[in-house]
Amino acid sequence: MNANQHPQFHQESDRLDKTLKHVHLTIDAVDRFTERSKDNLRDAMSEIDTQEASSSYIDAMISTQFIEIANRNYDSLMRAKDKPYFARIDFIQSGKESIESFYIGKTSILKDGDFTPLVVDWRAPIASLYYEGRIGDNHYESEGDTYSGELTLKRQFAIEKGVLGDITDVDITTNDAFLQASLEANADKRLKDIASTIQAEQNKIIRASMRKPLIVQGVAGSGKTTIALHRIAYFIYTYEKTFRPDSFMIIAPNRLFINYISEVLPELGVENVNQTTYQDLMFSILGKKLKLHAKHTVLVNLINHSDNAEIEAEVAKIKGSIEFVKALEAYLTLYEKDITPTVHCDFFDERVASRVEVRSWFLSHFAHLPYSQRIKEIQKLLENRLKSIYKERLKQLQENYDAKIDHILRKEAPSDERREKVVSLMMKRDLLLEETKQLNKSLIRDYMRLFKKSDPFLLYSDFLKSIDNYLENVPRLKSGLTKNDTFDLEDVSPLTLIGYRCHGSVADIDISTVVVDEAQDFSSAEFYVLKMVLKTSRMTLLGDLSQGILAYRGTQNWQKMMHDVFPEDEPNYMTLVQSYRTTVEIMTEASLVLNRLNQEDLVTAKPVIRHGEAPIKCHFHSEKELIKASILKIEEWQAKKFKSMAIIAKTQNECLHIQHELAKSSIKTEILTDQSLIYNAGVVIVPSYLAKGLEFDAVLVVSLSQSYTDSERDIKLLYVAMTRALHQLDLYYIKGNIQAFE
């Protein structure tokens, strides 16, 4: 209800004013702190009236440990200065007599005296009562202990620019009018405001254990991306002493996606989290950036029914399989047995190490290391052994010839003959000593040259040529598996695996926890290599099989992927079935399209009860009519002040054609491509396969020359396109182009 109509309006208004005053005074104190020397600080905090906005109050605050904490949280305080909290809960813990009130915000705000919280961070254990609890008996867990009691109040606030707008008391989770208001927001606000409307199913995933892999099947619009970011923020907050922000990594599908979420992490108080794409990470580990075919080349070829497209897809599927990776590992296991020299390492007649011993070192003792590092360690062992052998040989040579020379000098009278014998012995001694020194310098160096040089690219090429020795039923694909210097996306993982086995990681990477979005587009091979090179199974993988437009190379079954990649890690599997992005009408229409697949294992979306206009499906008999109607539709949406609008066509070529036609009007458009780094509000034209993960206030799906059949690929492409809309969806197509609507 409107705030001033609530019976506790004045109480809550006073509380807000005091909190805002405290925040602003704290910010002022930090600003003053940065300009002052600590030598001039005063210590009068306990004697000052904290309600007095005076210079002395600020001076006293500066002189306490409080200012150090406030300084660390300065950016968070700046974000909280107009909206310090969004909810309140009242809880009476079992065994206690008084009710405690907790105000919940995006960041904690501490009192200046005793450091008790004026506002509790949404990530605090007790905040879970707000997200999951109902009025009545309840409990929450903190640091392994369970705290039981009674939740007596759950209240939500709408605060904008320091003004209390609405107060709502609820007896359920945040799936109510408060959530509805949030969902009505434009696309540019939604990612930043989710903390106040996290739902119970989302909260469980955010707070789920990081000790095991977590796989999340989330329907379109279920908040997977924001949940992933909030999950990182939660763990950095909860385990501040254990998890460093720079030990987290977000793997995004493309650079546009990284920039799309880049503003959210600072809003959550999270800095220095690594953000990258899978390819860029692998290139840094491999130490070389590969020339790749465009990511969606095979998909576009399949859509266009190009020659060899089906073979290309089958090759991609093979390379992305766990069987392919295991075959590659079998090849490398066989290869590494022939890396060591076939001769002994001998120093004259002294054996430094036998070939069997060297091989044992390489295959067993140093098996945990990359090949190049094993060779370096073996070199150290050989050098250490040679060092003692060398010293002993020098000593024996010296002593032996000294004894011979001494014997002649003692036994024979001085003469030219004796002198010649002594000189001869001395020359032989010096010659042998010099030979010994020279061999000492060169032996290990020359011996190490006998180890095979391991080039990842040559090894991969050899493996592909002999693929039928390791995998069955692939001879006809052999030509498709061997490529020139331009690689397929699916080659990145096996090449990185080989490079890692050969040389380790070129980049200095220390990552303990990984979050992967759009995980359905990654293969088991990619996850397997990722786990290997980062040496961690602490992964959160979020995706939606219903949006698996790259199913020919990606994950088609979560259970199989978990078995392939995490056989001993006991991964957790959770689902998100509520869709918060779009309206009931839009999601109902999209689900009808998806259900044409008749796949029982697909998790279908349940939209939040938010209604809007029904999608308009309109067919045309000519391109000219369709373009004219599209222009009128965009102008209508612009008049409605929609900030982000998308025209989604099936392929890049169709997007270019639509842009060319729209350019004849006053509508300005931008095409999103694989290389796009930023997306500005306005009208964009997007190929269907690049739309995943994005959302727009209004979406117009257009089909001119490219049709959507009832194939699994086309249905998923159409489903992805339809579920990008927040508020309005229309579909314009040439009659007969969308089979689902015929």
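Here is a friendly conversation about the sheets, cores and ring pairs of this model.

User: What kind of model is this, and how are residues numbered?

Analyst: This is a predicted model, in which local features need pLDDT of at least 70 and side-chain atom pairs count only at pLDDT 80 or more, while totals for chains, interfaces and linings use all residues. Residues are numbered from 1 along each chain as its sequence is written, and side-chain values use heavy atoms, with hydrogens and water left out.

User: What makes strand 13 and strand 14 a pair?

Analyst: Two strands pair if DSSP finds at least two bridges between them. Strand 13 (residues 513–516) and strand 14 (residues 539–543) are joined by 3 bridges, so they pair, and they run parallel. Val515 stands opposite Thr540 in strand 14. The names come from DSSP runs numbered from the N terminus: helices are H or I with at least four residues, and strands are E with at least two.

User: Which other strand is joined to strand 14 by bridges?

Analyst: Strand 8 (residues 214–218) is joined to strand 14 by 4 bridges, and these strands run parallel. Here Leu214 has Thr540 as its bridge partner.

User: Why are strand 10 and strand 15 called edge strands?

Analyst: The open sheet has 6 strands in the order 10-9-13-14-8-15, with parallel pairing. Strand 10 (274–277) and strand 15 (572–576) each have a single partner strand, so one side of each is left without a neighbour in the sheet. Neighbouring strands here are turned by 15° against each other on average, direction ignored. For such angles, axes are lines fitted to C-alpha atoms, for helices over the stretch in contact, and angles run from 0 to 180 degrees between N-to-C directions.

User: How do you know that helix 12 packs on this sheet?

Analyst: Contact means heavy atoms within 4.5 Å. Helix 12 (residues 278–286) touches strand 9 (248–252) and strand 10, and its direction makes about 95° with that of strand 10.

User: What makes a set of residues a nonpolar core, and how many residues has the largest one?

Analyst: A nonpolar core is a set of buried Ala, Val, Leu, Ile, Met, Phe, Trp, Tyr and Cys residues joined through side-chain atoms within 4.5 Å. The largest has 133 residues, and those with the most contacts inside it are Leu382 and Leu530. Helix 17 (residues 371–411) gives the largest share, 12 residues. Domain 2 (345–450) and domain 3 (604–741) both give residues to this core, so it lies between them; the domain bounds come from an automatic or database domain assignment. Among the residues that Leu382 touches are Trp361 and Tyr447.

User: Why is the pair of Tyr234 and Phe235 called edge-to-face?

Analyst: Rings of Phe, Tyr and Trp (its six-membered ring) pair if their centres lie within 6.5 Å; planes under 30 degrees apart count as stacked, over 60 as edge-to-face and the rest as tilted. The centres of Tyr234 and Phe235 are 5.1 Å apart and the planes stand at 85°, so the pair is edge-to-face. Tyr234 is buried, with a relative accessible area of 10%, and Phe235 is buried at 3%.

User: Why is the pair of Tyr331 and Phe463 called tilted?

Analyst: Their ring centres are 5.5 Å apart and their planes stand at 55°, so the pair is tilted. Tyr331 lies in helix 15 (residues 322–336) and Phe463 in helix 19 (residues 456–465), so the pair ties together parts that are 132 residues apart in sequence. Ring pairs also link Phe324, Tyr331, Phe463 and Tyr470 into a cluster.

Definitions and conventions. Buried means under 20% relative accessible area, exposed over 50%, partly exposed in between (1.4 Å probe, protein chains only). Lists of a residue's contacts leave out its neighbours within four places in sequence.
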